[in-house]
Amino acid sequence: MSEKVLMKGNEALAEAAIMAGCRHYFGYPITPQTEVAAYMAKRMPKIGGTFLQAESEIAAINMVIGAASSGVRAMTSSSSPGISLKSEGISYLAGCELPALIVNVQRGGPGLGGIQPSQSDYFQATKGGGHGDYHLIVLAPASVQEMFDMTFKGFNLADKYRVPAMILADGTMGQMMEPVSLDANAVETYDKSWATVGTGKHDGRNIINSLSLSPAQLEEWNISRYERYAEIEKDEVMYEEFMMDDAEICVVAFGIAARVSKNAVVAARKQGLKVGMIRPITLWPFPKDVINKAADKVKAFLSVELNMGQMADDVKLAENCKKPVYFYGRTGGVIMSPDEVLSALNKIEKGEAKQW
Amino acid sequence: MVVFEKTKGLTDAPLHYCPGCTHGIIHRLVAESLAELGVLDKTVGVASVGCSVFSYNYFNCDMIQAAHGRAPAVATGAKRAHPENVVFTYQGDGDLAAIGTAETVHAAARNENITVIFVNNAIYGMTGGQMAPTTLPNQVTQTSPYGRDVTVVGYPVKVCEMLSQVTGASYLERVAVNNVKNIRAAKKAIKHAFENQIAGKGFSLIEVLSTCPTNWGLSPKEALKWLDENMETYYPLGVYKDKYKEEK
Amino acid sequence: MTTKILIAGFGGQGILFAGKALAYTGLKCGKEVSWLPSYGPEMRGGTANCSVTISDDPIGSPIVDKPDVLVAMNLPSLEKYYNETEPKGYIIYDSSLITKQGARDDVITVGIPATKLASDNGLDGLANMIILGRTIKETNVLTIEQIKSSLSQMVPAKKAELLEKNIKAIELGYNYR
């Protein structure tokens with residue numbers, strides 16, 4: 001392992017993308033993800049890559065579509081309002097079965113919202129965002145090291161399944177500096193004989209397209225894509241368990257909310273409360289099975305999120321009403337303190353909390 | 001003896017365009033140009049949304065179907081990924097001059113080394129004849145049933161004139177396909193646009209005045225005449241910019 | 001052992017750099033560290049702060065809302081975090097900019113006229129490093145040798161003059177009585 005360096009999450013992510021073979025980045029400035037674009041602007045020209053500041057987020061995601069169609073690793077990054085603008089293009093990526101990486105360093109919403117950290121795009125990332133039947137692979141890093149590692153993972157999974165992948169980070173993950181070892185993760189390469197690179201380079205004509213006026217054909221395309229989604233749900237779920245062995249209350253949290261919750265879990269243990277945590281690393285596919293199994297052991301779940309309660313729905317679906325689910329969240333860019341989470345845990349223990 | 005042959009630049013798929021529509025001619029001119037330049041096997045076309053949405057079935061090269069208005073951005077991505085390829089977009093007036101204005105202007109501003117074929121028939125055809133950004137003043141459409149009232153919805157967008165003010169753009173020409181002379185000129189312009197790209201000269205846009213007999217409510221023959229009498233006066237033909245010619 | 005440090009002041013006082021110097025030194029000493037800045041318009045003239053955690057164990061939340069060490073470089077910051085500072089913690093403040101006294105007796109409060117010292121010693125703009133020097137002396141979170149050594153790695157070689165001034169500023173704060 002190489003010596004660790006101190007780096008911002010946004011920069012570690014950008015460096016990882018380059019190390020993962022991405023040479024085509026298209027973006028548009030927006031706080032708090034701008035360091036990704038700035039890093040790419042500095043590095044790409046020196047390594048023969050493309051950094052292009054597009055005229056809008058819409059143009060940027062469509063440039064990603066063009067580059068991804070051409071078989072190269074392409075990415076864009078933005079923050080919440082910008083991701084809304086990209087949603088049309090993301091739906092097209094899914095419909096055209098194109099691999100690409102989209103980074104959302106979330107900020108508070110809706111509308112122009114604020115610029116402070118948030119997780120309020122959970123629904124948008126995991127339930128669609130754009131139109132149509134599709135999923136994104138959604139990775140939720142909780143450290144600068146994971147910002148780095150998940151970038152490789154995102155590109156690899158996108159290429160493997162021909163689906164767009166998203167890194168759902170937030171303002172703290174982007175802005176924070178932590179030690180990170182910049183050891184290249186595996187860069188997997190997959191067949192891209194479908195790419196539009198000119199008929200001189202492959203048999204027949206390649207067409208990248210999401211249109212079909214035949215309902216039967218479009219249904220067939222969707223079903224075949226969902227077969228791949230089923231494989232992803234089976235094989236690619238990632239999560240971390242923390243102090244779950246004897247836990248009676250299970251916190252479910254991702255990203256920065258999981259970091260805060262970890263402190264609360266430790267504090268609760270000091271009080272004698274048996275609390276553990278499941279941290280989904282993939283938000284889609286969601287770690288349904290592990291939560292469902294945990295429901296056989298624990299008394300209750302507490303979903304901790306920087307929003308008004310979005311993942312809590314998925315926790316409830318996953319544990320299938322076996323045990324009560326509670327929610328604690330802050331929104332608009334406010335980050336909860338470990339004490340707030342601890343007090344939510346105490347309320348559950350005392351039977352004073354209201355179920356989700 | 002001259003034997004008429006179908007160009008290799010088009011597939012055998014039957015075109016879906018209405019009788020009398022001049023999209024077919026424009027397809028042929030684009031396809032012929034690519035075939036004659038010997039670049040079909042390294043060409044990537046970008047289809048847009050509108051009547052020409054299915055053009056990915058017709059051009060005998062790799063094709064990408066883009067979202068409404070976004071073809072120049074998609075083409076930018078494709079060209080940046082493989083600069084050695086020839087990349088073109090084929091867009092209608094709604095796609096290019098309404099929803100896709102920003103993508104068009106900025107691709108031109110960047111002098112993106114792509115070729116844009118812009119088919120202007122002054123109406124939205126695919127959706128059944130609504131007002132386009134290029135619909136003429138007083139022209140009747142489904143959404144301007146009393147004629148385009150410029151005091152309410154403003155004036156048509158003149159794309160070549162507008163882009164001629166964009167420093168980045170290299171080559172802009174407006175042509176028409178309503179008679180043999182114009183078709184020959186159109187072919188020359190389209191081919192020149194591709195030659196420019198191959199020579200690395202940057203952004204070319206060829207605006208082709210085209211007919212829509214179905215939605216204009218005219219016979220094919222009347223439509224050709226209507227184009228001549230109404231569109232050409234509002235949208236004069238000619239070269240609006242040729243950066244490299246100016247430099248010579 | 002975990003030390004949560006909050007450095008706060010005006011944008012432009014070098015708050016983020018002082019925090020980075022701590023975090024980087026922590027890293028070089030084999031500690032777990034995190035550095036989290038306030039960001040956005042605050043960078044441009046308003047208040048700025050940064051959370052630095054230095055620990056022997058993996059760090060949970062990188063957000064320091066209850067500092068063990070508060071370094072306050074202006075009055076609003078001191079007022080904002082005064083009561084949040086952990087009992088037995090440290091409050092180090094720039095006494096050339098803050099004259100108000102607090103009432104807590106469960107924390108160690110240390111004033112140092114960092115801004116005045118900086119201008120008196122030809123170290124304009126380095127009040128941040130002066131107060132950092134004092135902070136190290138008071139809290140022993142890291143040693144001055146460690147900071148000096150990591151600073152020489154942080155400041156590019158071609159800016160040797162800048163490094164010299166930074167080190168002078170740290171020593172000034174460290175040795176101030």
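**Exercise 1.** Identify the bridge partner of A:Ile207 in β2(B), and describe the strand pairing to which it belongs.

*Solution.* In β2(B), A:Ile207 has B:Met63 as its bridge partner. Helices (H or I, at least four residues) and strands (E, at least two) are DSSP runs, numbered from the N terminus. Next, consider the strands: β9 (residues 207-208) of chain A pairs with β2(B) in the parallel sense, over two bridges. Two strands pair if DSSP finds at least two bridges between them.

The model is predicted: local features need pLDDT of at least 70 and side-chain atom pairs count only at pLDDT 80 or more, whereas totals for chains, interfaces and linings use all residues. Residues are numbered from 1 along each chain as its sequence is written, while chains are lettered from A and ligands numbered from 1 in the order in which they are written.

**Exercise 2.** Describe the side of chain B that touches chain A.

*Solution.* Begin with the totals: chain B contributes 29 residues to the contact and chain A contributes 34 residues. Residues are in contact if their C-beta atoms, placed from the backbone, lie within 7 Å. On the chain B side, two or more residues come from each of β1 (43-47), β2 (62-65), α2 (71-81) and α4 (101-109). The largest share, eight residues, belongs to α2(B). Finally, sort this side by class: 15 residues are nonpolar (Ala, Val, Leu, Ile, Met, Phe, Trp, Tyr, Cys and Pro), six are charged (Asp, Glu, Lys and Arg) and eight are polar (the others, Gly among them).

**Exercise 3.** Determine how domain 1 of chain A meets domain 2 of chain A.

*Solution.* The domain assignment, which is automatic or from a database, gives domain 1 (5-235) and domain 2 (240-349). Their centres, taken over C-alpha atoms, are separated by 28 Å. The contact takes 27 residues from domain 1 and 22 residues from domain 2. On the domain 1 side, α5(A) gives the most, with four residues. By class, that side has 15 nonpolar, nine polar and three charged residues.

**Exercise 4.** State whether A:Leu168 is buried or exposed, and why.

*Solution.* First, locate A:Leu168 in strand β7 of chain A. A residue is buried if 20 or more other C-beta atoms lie within 10 Å of its own, exposed if 12 or fewer, and partly exposed in between, with C-beta atoms placed from the backbone. A:Leu168 is buried because 27 other C-beta atoms lie within 10 Å. Leaving aside neighbours within four places in sequence, its contacts include A:Gln106, A:Val138 and A:Leu283. The C-alpha atoms of A:Leu168 and A:Gln106 are 7.1 Å apart, although 62 residues separate the two along the chain.

How values were computed: Contact = placed C-beta atoms within 7 Å.
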